[in-house]
Amino acid sequence: MSKPDKPRTVFVCQNCGKESLKWLGRCPDCQEWNTFVETTVQVTAAARIYTQDNPPQELSQIAIEAADRLPISLAEFDRVLGGGLVSGSMVLIGGEPGIGKSTLLLQVSSLVAEARGKVVYVSGEETLHQIKLRAERLGIKGEKLYLLAETDLDVILNQIEKLSPDMVVIDSIQAVYLPELDTAAGSVTQIRECTLRLMHLAKLKTVPIFITGHVTKDGALAGPRVLEHIVDVVLYFEGEPFSAYRLLRSVKNRFGSTNEIGVFEMKEQGLAEVDNPSKAFLSQRWGEAIGSAVVPTLEGSRPLLVEIQALTNPTSFGLPRRTANGVDFGRLLLITAVLAKRAGLRLGNQDIIANVTGGLRIGEPAADLGIALAIASSFRDMAVDPGLAAVGEVGLSGELRAVSQPDRRVDEAARLGFKRCLVPKLGARISPPKGIEIVPVSTLREAIGVGLVRGKTKSKADEE
Ligand code: TYD
Ligand code: MG
């Protein structure tokens with residue numbers, strides 16, 4: 001290892017990690033006030049991954065071994081990683097407290113220990129006893145799985161060196177610290193230095209390292225964005241606290257595509273894979289219910305059927321309110337305005353609530369048509385055809401705009417037994433699988449005419 005550089009003093013923004021040689025009142029990068037703190041750093045030494053004598057190699061001569069990427073035999077996790085765990089990679093799992101990061105990584109550790117060899121699970125937040133209790137619940141025996149309750153990174157690195165494991169977990173990066181730095185654990189400097197040290201270890205020993213990170217209330221990783229720049233893969237573990245479903249979402253991946261998701265369900269015995277998420281998300285759907293529409297969304301490479309519900313109700317006092325759960329608030333306002341202006345729905349005196357069931361969050365505009373149908377259905381008190389799925393982006397003149405990869409969406413709807421699928425007329429050249437009819441529509445008004453059905457509404461609950 002190279003000799004550490006001389007420590008130097010800089011001022012570091014505690015919000016975004018920007019460095020400055022002198023103190024600044026406001027960070028020029030993230031615009032936050034009073035975030036600069038004087039710190040001593042030793043960055044460069046840890047950042048050096050290779051030895052001094054590191055000649056360039058010809059690309060064609062660099063061998064890739066099959067063992068470089070190994071599946072964890074947890075299909076939902078492997079897909080998000082891009083087909084398995086890459087040796088020497090550093091993976092960050094971010095998520096709110098209590099979402100299940102520790103549970104997930106303990107399960108992964110156990111799987112890797114069984115299949116591959118020694119795993120060190122370092123916890124800076126829980127005692128060995130607490131982790132053992134959790135392992136009992138998860139039914140993990142824990143051979144070759146070594147626990148270490150420690151926060152001093154020097155000690156941790158030392159122990160890892162001694163044991164030379166095949167995988168390392170650090171739970172969490174905010175809890176560990178380097179004693180030689182004069183800032184507290186969890187500060188930007190600590191987090192960055194600790195991550196760099198761990199990265200160094202990962203590359204040097206080609207051992208995969210998982211680290212967990214807390215996120216703040218607004219969903220960003222607590223502390224620095226620098227963390228996201230350093231690591232190879234950034235995954236977010238998310239879900240609504242009241243729902244048992246958990247989504248593992250990839251936002252950065254040097255070894256695979258981003259926007260992949262894995263779906264899990266939190267059960268008594270830990271996290272279980274959900275291999276048919278569309279079915280799971282639709283399982284509580286009430287057939288021909290008013291104010292409910294089904295949308296085939298795409299999450300990365302994966303189509304996913306979700307139910308969108310809406311409720312309209314006359315405003316009893318003051319301004320009408322709009323509430324969006326799981327859909328973008330701005331999109332909801334846009335769709336409401338277009339429904340009023342272009343489809344003739346008088347929503348000006350209505351409170352509107354839109355909701356995605358199962359605690360999912362949809363970001364893509366392809367869900368617009370589904371949201372619009374659910375609102376129209378509730379407002380007109382007419383059900384959406386229960387055998388119908390709908391996809392399309394709503395434009396400001398009430399037109400429906402093409403969506404990406406319509407075929408895959410239609411396939412997924414067909415797979416779950418939907419009989420018809422509304423798609424925007426533009427770009428609707430799809431060869432549908434058997435059993436589903438493609439209904440091309442060009443405007444929102446037309447879609448509402450086709451999608452809503454008259455007559456007695458009947459729900460599954462009534463039938464039973
Ligand atoms: P945890 O992994 O500690 O979350 P994080 O590390 O992200 O803070 O998860 C804790 C939650 O998961 C807790 O509320 C209880 C729940 N849980 C289960 O429902 N079943 C289980 O088998 C386990 C271990 C936890
Ligand atoms: Mg935890």
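**Ligand shell and strands**

Analyst: Of the 16 residues around ligand 1, those that come nearest are G98, S102, T103, R134 and E268, where a residue is near a molecule if one of its heavy atoms lies within 4 Å of it. This is a predicted model, in which local features need pLDDT of at least 70 and side-chain atom pairs count only at pLDDT 80 or more, while totals for chains, interfaces and linings use all residues. Residues are numbered from 1 along each chain as its sequence is written, chains are lettered from A and ligands numbered from 1 in the order in which they are written, and side-chain values use heavy atoms, with hydrogens and water left out.

User: Which helices and strands each supply at least two residues of the shell around ligand 1?

Analyst: Helices (H or I, at least four residues) and strands (E, at least two) are DSSP runs, numbered from the N terminus. Those that each supply at least two residues of this shell are α3 (101-115), α4 (128-138) and β13 (261-267).

User: How do the residues of that shell divide into nonpolar, polar and charged?

Analyst: Ala, Val, Leu, Ile, Met, Phe, Trp, Tyr, Cys and Pro count as nonpolar, Asp, Glu, Lys and Arg as charged, and the others, Gly among them, as polar. By that rule, the shell around ligand 1 divides into 4 nonpolar, 6 polar and 6 charged residues.

User: How far from an oxygen atom of ligand 1 is the polar side-chain atom of S102?

Analyst: A polar contact is a pair of N or O atoms within 3.5 Å; within protein, one must be able to donate a hydrogen and the other to accept it, and residues adjacent in sequence count only if both atoms are side-chain atoms. For the polar side-chain atom of S102, the distance to an oxygen atom of ligand 1 is 2.6 Å.

User: What share of the area that ligand 1 exposes when taken alone does the protein bury?

Analyst: Accessible areas come from the Shrake-Rupley method with a 1.4 Å probe, and for residues only the protein chains shown count as cover. Taken alone, ligand 1 exposes 560 Å², and the part of this that the protein buries is 75%.

User: Is T297 buried or exposed?

Analyst: T297 lies in strand β15 (residues 292-299). Buried means under 20% relative accessible area, exposed over 50%, and partly exposed in between (1.4 Å probe, protein chains only). Because its relative accessible area is 1%, T297 is buried.

User: Which residues of β11 are buried on each side?

Analyst: Strand β11 (residues 233-238) is mostly covered, with 6 of its 6 residues buried. In a regular strand the side chains alternate between the two faces of the sheet. Both faces of β11 are covered, by which one side holds V233, L235 and F237 and the other V234, Y236 and E238.

User: Which residue in β12 is the bridge partner of Y236?

Analyst: Two strands pair if DSSP finds at least two bridges between them. Strand β6 (residues 90-95) runs parallel to β11 and is joined to it by 4 bridges, whereas β11 and strand β12 (residues 245-253) run antiparallel, with 6 bridges. A hairpin of 6 residues joins β11 to β12, and in β12 the bridge partner of Y236 is R249.
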